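Hi everyone, thanks for making time this morning. Let me put the structure up on the screen, and then we can walk through it together.

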Amino acid sequence: MPGAPGGGPGPGPSPVDRWTLVVFSFIMATALGQMNFTGDQVLRVLAKNEKQLSVLRDLDGLKPQKVDFWRSPAKPSLPVDMRVPFSELKDIKAYLESHGLAYSIMIKDIQVLLDKEREAMAKSRRLERSTSSFSYSSYHTLEEIYNWMDNFVTEYSDIVSKIQIGHSFENRSILVLKFSTGGSQRRAIWIDTGIHSREWITHATGIWTAKKIVSDYGKDRTLTNILNAMDIFMEIVTNPDGFAFTHSMNRLWRKNKSTRPGMFCIGVDLNRNWKSGFGGNGSNNNPCSETYRGPSPQSEPEVAAIVNFITTHGNVKALISIHSYSQMLMYPYGHSLEPVPNQEELYQLAKDAVKALYEVHGIEYIYGSISATLYVASGITVDWAYDSGIKYAFTFELRDTGRYGFLLPASQIVPTAQETWLALRTIMEHTLQHPY
Amino acid sequence: ARSKPHFFNFRAGSPSALRVLAAVLEGRATVNPKKGCQVDLVFTTDHYNPEVGEEHLGKCSARVFFRNQKPRPAINVTCTRLIEKNKRQEEDYLLYKHMKQLKTPLDVTSIPDSHGHIDPSLKPIWDLAFLGSSYVMWEKTTQFLHYYMAQISSVNQWKTNDDTIDFDYTVLLHEFSTQEIIPCRIHLGWYPGKPLKVKYHCQELQTPEEASGTEEGSAVAPTELNNF
């Protein structure tokens with residue numbers, strides 16, 4: 001059913017020649033990976049019980065194959081997603097309806113989606129030749145962000161460099177920006193954004209912040225003092241596979257994209273895969289859960305890469321992991337209600353940071369330990385950081401408080417980044433002034 | 001506290017008078033291991049649509065009761081200083097007229113889109129969907145589970161049968177403590193001034209709680225609820 005693009009060159013060729021051309025184009029298109037999905041839909045089916053589930057499984061066994069499962073029939077409590085080729089739509093829908101299976105159309109025309117995305121990406125590729133034409137008040141794709149990083153590092157090469165710290169499960173590069181004015185293995189601050197891929201405001205804030213740092217160096221006294229003594233590491237796309245997936249198929253995807261043989265569901269919650277308190281309450285050992293912790297601590301390449309980098313570096317003094325949403329600033333522990341030894345200091349610092357943030361646009365954050373403020377969560381980044389000796393470990397939950405949630409309008413990117421910067425700077429300054 | 005606006009919005013039944021939680025002024029929770037959990041609150045609410053001028057318009061006091069961790073809390077809430085009834089009815093009617101003029105079938109997938117944008121012409125659809133989702137979210141709320149409406153993932157049907165707006169859509173709810181995204185198919189009927197009719201089916205990702213659902217929820221079914 002894939003249509004062959006690129007037809008003949010107009011009137012002239014005989015029918016035989018035209019057919020050869022069409023077949024040749026089809027082969028080329030398929031070879032180049034440009035399958036055509038015009039009219040194909042993705043249906044989400046809600047099976048109420050095992051019987052309905054087996055009705056769905058029967059579809060899988062059909063030869064020739066009539067549907068392509070993106071999310072296979074597993075349990076009645078889980079949605080089943082399937083791509084249905086255009087030619088099979090009528091039959092499949094009739095089949096579902098006759099068995100009383102409710103479904104919704106998740107994607108009305110896959111080709112339209114793919115075309116739009118390709119078009120948008122091509123458009124921004126033409127535009128983005130320098131970081132000054134890059135829009136800091138829009139959301140971007142992975143490719144645009146990586147492209148921006150290269151431009152950024154070139155433009156500000158005296159302060160910024162790019163380091164690859166590993167590969168994701170689907171083999172994408174994991175990249176970190178290093179801001180440094182010299183020295184050797186200086187005391188450092190680590191910032192990560194995007195560990196949960198659907199939290200788009202975090203990557204956008206990271207990008208804006210990177211630009212802010214280079215712009216303010218030499219102009220803002222506090223930032224200049226910080227960078228003259230310390231290095232800053234920033235990992236903007238901490239979960240590149242998940243992030244790519246939020247653009248291509250599922251905007252609300254949270255986890256990474258790892259799979260293991262025999263598992264029905266994909267992905268590990270990267271913020272439950274760390275070694276501190278691993279396996280406790282507030283994480284799940286069900287692979288289909290959004291808070292699936294993974295088979296073992298640091299099993300995920302995205303987490304292992306950071307652990308290796310920070311451990312090897314040996315001189316990271318503050319770690320800030322940025323999430324959305326809820327408007328909170330928190331410190332360890334997440335895995336228990338037990339207060340950390342310097343809890344009083346962290347409380348005061350959070351209080352100051354939140355006040356600085358508030359002064360920008362009047363946005364109110366609440367603050368405290370993770371377990372007391374948000375919920376009990378085990379195997380999280382900041383708990384690991386703290387237990388590894390990083391005394392200043394914080395996690396942000398950026399805007400908003402649920403009205404838009406993960407789908408925060410792009411118009412709020414810059415205000416969010418502006419206010420968050422003040423909080424970050426407060427924490428970094430404190431770290432600078434309290435060496436340990 | 002966040003479940004109160006869900007319940008309040010549903011009971012008010014007015015898409016132009018939706019409220020959101022602004023701030024909690026006072027709160028007290030009493031937990032009885034045998035019976036359940038009661039929460040008394042005083043809080044302020046903002047108008048849901050930020051374009052409408054006044055801030056912190058409403059002040060409310062409420063008592064919420066969760067019977068033995070069951071969903072559908074019993075809620076007693078009173079609010080002061082909200083939009084005056086006539087104005088609200090007038091705005092509802094304008095909204096209704098606008099909705100009736102929308103071309104069907106609606107060629108729309110996600111609201112908002114991936115970038116958080118809602119086309120102004122589609123805003124009434126979002127508001128009405130939010131109203132219906134409020135009912136669903138209230139019914140599912142327990143002392144441990146609370147919900148937000150993340151996105152309308154599809155509009156399946158939008159038509160008017162004898163003046164009532166008949167709206168069939170799929171919404172994605174975000175449950176906070178588990179971080180799960182729950183798709184719910186909702187079918188609602190709305191006519192300004194009349195009680196909202198809601199029917200729904202959600203995909204449950206946890207093992208269903210023993211009493212989630214109708215009679216065994218914590219609350220006695222309110223009389224204005226009509227399922228069809």
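**Where two chains meet**

Let's begin at the interface of chain B and chain A, where nine residue pairs are in polar contact, with both residues of each pair at pLDDT 80 or more. That pLDDT value is there because this is a predicted model, so please keep that in mind throughout.

Between them, the two chains bury about 2,800 Å², and 54% of that is on carbon and sulfur atoms. Three residues to look for on your screen are His115(B), Gln179(B) and Gln203(B): they supply 21% of the area that chain B buries against chain A, more than any other three residues.

And how many salt bridges are there between chain B and chain A? The count is zero.

Let's stay with salt bridges for a moment. Side chains of opposite charge can pair when their charged atoms come close. Over all chains of the whole structure, the search finds 23 salt bridges. One example to zoom in on is Lys212(A) with Asp216(A), where the closest N and O atoms are 3.2 Å apart. Both of these residues sit in helix α6 (residues 200-216) of chain A, and they are four residues apart, about one turn of the helix.

Next, a sheet in chain B. Here four strands form an open sheet with antiparallel pairing, in the order β5-β6-β7-β8. At the edges are β5 and β8 of chain B, each pairing on one side only. From one strand to the next, the twist averages 20°.

Let's go across that sheet pair by pair. β5(B) and β6(B) are joined in the antiparallel sense over 12 bridges. Within that pairing, you can find Gln157(B) opposite Asp168(B) in β6(B). Further along, β7(B) pairs with strand β8 (residues 197-202) of chain B, again antiparallel, over six bridges. There, Arg185(B) has His201(B) in β8(B) as its bridge partner. The hairpin of β7(B) and β8(B) has six residues between the strands, and Gly193(B) in this hairpin takes a positive phi near 90°.

Two helices lie across these strands. Helix α2 (residues 85-100) of chain B lies across β5, β6 and β7 of chain B, at about 100° to β6(B). Helix α3(B) lies across β5, β6, β7 and β8 of chain B, at about 120° to β5(B).

Let's turn to chain A, which has an open sheet of four strands with antiparallel pairing, in the order β2-β3-β1-β4. Why is one side of β2 (68-71) and of β4 (102-107) of chain A left without a neighbour in the sheet? Because these two strands stand at the edges, each has a single partner strand. Neighbouring strands of this sheet are turned by 30° against each other on average, ignoring direction.

Strand β1 (residues 41-46) of chain A pairs with β4(A) in the antiparallel sense over five bridges. Here Arg44(A) has Ser104(A) in β4(A) as its bridge partner. Helix α3 (residues 89-98) of chain A lies across β1, β3 (80-84) and β4 of chain A, and runs at about 5° to β1(A).

Last stop: some backbone details in chain A. A cis peptide bond joins Pro332(A) and Tyr333(A), with omega about 5°. Tyr333(A) is found in the loop between β10 (328-331) and α10 (343-361) of chain A. Another cis peptide bond runs from Arg399(A) to Asp400(A), with omega near -5°. Asp400(A) is in the loop between β12 (392-398) and α13 (413-433) of chain A.

Finally, have a look at Gln185(A), a residue other than glycine with a positive phi, near 50°. Gln185(A) lies in the loop between β6 (173-179) and β7 (188-193) of chain A.

Technical notes: Residues numbered from 1 in each chain as written. Chains lettered and ligands numbered in written order. Predicted model: local features only at pLDDT ≥ 70, side-chain atom pairs only at ≥ 80, totals over all residues. Heavy atoms only, no water. Buried area = accessible area lost by both parts, 1.4 Å probe. Salt bridge = Lys/Arg side-chain N within 4 Å of Asp/Glu carboxyl O. Polar contact = N/O pair within 3.5 Å; in protein donor to acceptor, adjacent residues only side chain to side chain. Pairing = 2+ DSSP bridges. Axes fitted to C-alpha atoms, helices over the stretch in contact; angles between N-to-C directions. Contact = heavy atoms within 4.5 Å.
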